[in-house]
Each structure stands twice: as C-alpha cells, then as structure tokens.
Amino acid sequence: DFVVSVFCFINGVSLAQKDSNNVVRAMKHFMIWLVFIIGGMYCSASFFSVSMTSTFISFFAAALLVLLAWMVLEMGTQEIEKVLSGSRFATLLWKAWRSDWVRAMAVVAINFFIPVYFFLNSLNQKVRIYRGTAGPNPGRFTDRAQRVLEELDKWNWCSILTKVAILCELFFTFQVGFTKATYVFLSWLTRQLATIDFVVVCCMVFGVGFIMFLMPPVPGVPVYVFSGIVISDVGSKKLSGSGDTPFILGIIIACCVSFVCKLVACTCQYMIGFFLGKKVKVQQLIKVDSVPTRAVEMILKRPGLDLGKVAILIGGPDWPVSVTCGILCLNIPQMLLGTMPVILILSPCCLAGAFISRQGMGGEDSIWPMLANFASVIAFAGQMVALVLAGALTVKVIQESSDELSVERPEHAAVAELTKQEEEATRMYAEITKWENMGFGDKFLIISMTATQLLSGIIFVFGASMCFLPFSVDKDIDAPVAEGGLGGDPLAIVKPLGWLACGIFFYGVVTHILHLKIMGRRAKAKLRYQPQPLVQEEKMSLSQHAAKTEKE
C-alpha cells in the first residue's frame, strides 16, 4: 500500500501541470507498473504455496485496482487525449491504455466494485440533493460518476467481457490446472526415483524436465525445484564423500542438469516457433508488424549479454518467449547466450528444492525450512527484477525508436495483406457483437459467462485454503493429510469447495465456447449474403461477355 501510495503521490504532483512530457512519463510508469503487477501474479503462482500464492495474488490484484483507478480519476481521459495528440510514442501508449485488454484487466481487478461504486455514489447524490448541495439540475449520480458512466457506455462490452473470460481461463490454467497437477506428478515421480541409480536419476530428471518445458502452461520453477529435491537427495545417499559433501555435489549437479535442460528446451521451443512462423496466420497472431513486437525483436537481436535481451529471455514465461524467438527467426547461439544468466534464477530454485528435501531433519529447530523459504524469495526477487527490467527497457525502445519501428517492412507485407483481407470479416464481427445489436439471450449468455468465471476466480484466490490441500513437491502422496500428504488419493488435493468452483468455472468455459460459436456463425452468414462490390476488371469482363452474347 505504501509503495502504490508513493507512486500515486509522485505522479499526481507531476501531473498538477498538464504538460505533455509529464503525462507521457506518467503513462510510461503506468505501463511499467502494469508489467510488474502482472508479472507478480505470474511469479506468485510458480514460487509459493497455496496460502502464500493467494496472499500475493490478492496483493497484486489490489495494486492493479489502485493503479487503474488512479489512471482514470487522476488524469482524466479527455485531458490526456488533448495533451498527447502530437506525440507518436504517447499515441502508442494511449492506444495501449485504451485497448480492450487493459479494460478487461480493469474489470477483472474491480469486478463487483463497479456496481458497488455506482450504488454508493447514488446514495451520496441523494444526500447532496437533500442537503441542497447538488447544484442545479442534479442527476442520479454525481458529476464525476456521470462522466465515468458515459465513458463506460462507449466501451465495446462484448469484446471486453470475452477477454475477461480469456484472462480467467489463463489464470485457471496457470494457477489451478497445470500447477496442481505438476506438483502431484513431480511428488509421485520423486518417490519413484528414490531407489534408482544416480546417473539414471539425472537422465530421467533431465527427460521429465525437458518434456514439461515443452508444455506451454508449465512454468520452469517447479522443474528446477523438482531437480533440486530429487538429485540432491539421491546424491546425498549414493555419492561418495564424507559429511555434507555428497549433498553439496548433488546440489551442483542439480543446477547443471537444470541449466542444460533449460538450454536444450529453449532450442526445441525455438524450432517449434520457427516452423510455426512459416504460416502467415501465426505471424499475424503475435503481431510481428506491430511496434511492441518489433521493439522486443530489436532488443533480442542485440549481440552478447545485453541487459534488455537477458531480462526478456530469463524474465518472461519460458515457452512463449522461446517460441517467439523462433517465429522472429533470431540467431540461436545469441538467444542461448542471452538465456545463460538464467542460472542466477534456477540456482536458488534448486537450492530451495535441496533444502526442502532435508526439512524432516533437525527436528523442530531445523534451519532447513528457513533456508528453503529464503532461497525461494531470492529466486522470486530475481524473476521480478528481470520482468520489470524487460518491461521498462521495452517501453524505452518504443519511446526512442517509435518512428523507425512504425515503418512498413517488405517481410511483413504478407501479414499486412492478410489483415487487409480480413478487414471486412473483422468489421462484420465487430458490428454483430456491438452491445446494442445483441439480443437478450446473447447478453444473458455473455454476462453469465463472465460472472461465473469471475466468481470461480474469486473463490480460488480468496478461498484457496478451503479449495485445495496445502500440497507441495516435497510431500508424499501416500502420507496422511495431517502430515501434508493426500492419503494415497491424488484427487484429494481438491476439496469440495474446490470442486464446486471448478464446476462453476467449466460452466463459464462452455458458455464462452457457445458464445463464440453463435457469434462466429452469425458473422459468416452475414458475410456470405453481403453483396460484394465488383472491381473494375470484373465489370469489364462482364460487359465483354454480354457483348459477345449479343453477337452470337
């Protein structure tokens, strides 16, 4: 709260004078803080236990709420548009701020506070009217709330609520689905590998880590922690040496195995992106012709261990970053060179896993749990620093080279042509999905879709301890629940409230799919029966054909 308050105060003072440089600086800070908050949510799902994850995600969600509220209330949309009209970089920032994705994040962060705000504001207005301080021609809400309502009325709510559903589904995939399944699977595998030869164990850990790296939703942190737990534990029992020497050697080997596994996985992910990138549709999907993507490409093409390049490669999500490198056809050795500093993040994770494997030693006064938490915090801090640097340096490149990055490129002509061909279909879909053009059934479907997915997300975040058992990689599935296990049943990790929340979530997923199918079919039907204008060549050929028919 203190950090966010200081941020709002500093930028509020700088915006007291409506100068374009101050506004641009504030918007740049907003984008960097947005990266920090989203990155914090991503890292929280990877590094901490159920209770800690919920605490951190709640903190970052509150920070996102404060940040978005500050941006709207402190700056004012009309004032921003007037001040930023002459700057290309500021226009790009303003476009990003007004995108439906940012608005969807605002809805996710605020959700039920929106109707609560207007309800309380209407009560406030009634009190002002009763006291005679509401001014002439008072409305249902105060002037500020009325301006907010008018701004919300301009939003494309169908598009925003659909993106809210996508964000909720991504949250479920990373925080609930694959994360819980990964912990259960790695815990089971740890027990299976405990009695196998050390060299075979290292090879199997490498293979399992490699396969999991190739799964898009799986973060790298559980893989590193798993390596630390298994290799250090088996090494301490089967490597020769006195005292803690085998344990230390096991940690070093775990770090080396994880490091090599990460580099090999990055190369394979690159090849996936390379072959997928031959399709123009895939290039269009990641917007290779947009300024932000070109800014990231410019940074990644820098030789050596450039700070921005390293921050993106080790701070971003594993699979998307490497696959994007392949789509952009970057130099593989340079990509791997920029990825090598990941050893600074994976080493604390392996250390945390090694310390976790020794938590049962030393009794109640054991130092190992504290060391494991300390190593996890160091890894979390390193990941967050890399994420913030990646966001800040990307924004800096956009600011300094926006003109150069906006120039059309011959290699992106096919993407521009495809986008042009799809303009009519995109316009048609946007017309059909306008809120005022949708019927009651359509609105009910999309509102129920959004409400159920937001409700399930709230339950998962604020009621995580009531939805899931506190299970981690170092625990034994067969151990009693009282000892941190699952009683021999992997599905026992989900409590009854968790199953209820999962059911609510999957109802939202079904309605989301149903909504997309209905809207897509309507757009295709309208496009199919839309009269197509004849181009000049077609008109000439038809006239020539008519003249030929008359002669015959």
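User: What is the accessible surface of the protein chain, and what share of that surface belongs to carbon and sulfur atoms?

Analyst: The accessible surface of the protein chain comes to about 28,400 Å², with 66% belonging to carbon and sulfur atoms; such areas come from the Shrake-Rupley method with a 1.4 Å probe. This is a predicted model, in which local features need pLDDT of at least 70, side-chain atom pairs count only at pLDDT 80 or more, and totals for chains, interfaces and linings use all residues. Residues are numbered from 1 along each chain as its sequence is written, and side-chain values use heavy atoms, with hydrogens and water left out.

User: How should I read the packing of helix H9 and helix H22?

Analyst: Two packed helices are described by the angle between their axes and the distance between the axes. Here the axes (lines fitted to C-alpha atoms over the stretch in contact, with angles from 0 to 180 degrees between N-to-C directions) of H9 (residues 157-193) and H22 (residues 440-462) come within 9 Å and cross at roughly 30°. H9 is therefore roughly parallel to H22, a term for angles under 35 degrees.

User: Is threonine 394 buried or exposed?

Analyst: Buried means under 20% relative accessible area, exposed over 50%, and partly exposed in between, with a 1.4 Å probe and protein chains only. Threonine 394, found in helix H19 (residues 368-405), counts as buried because its relative accessibility is 13%. Leaving aside neighbours within four places in sequence, threonine 394 is in contact with Ala295, Val296, Ile299 and Ile312.

How values were computed:
Helices (H or I, at least four residues) and strands (E, at least two) are DSSP runs, numbered from the N terminus. Angles under 35 degrees count as roughly parallel, over 145 as roughly antiparallel, 65 to 115 as roughly perpendicular and the rest as oblique. Contact means heavy atoms within 4.5 Å.
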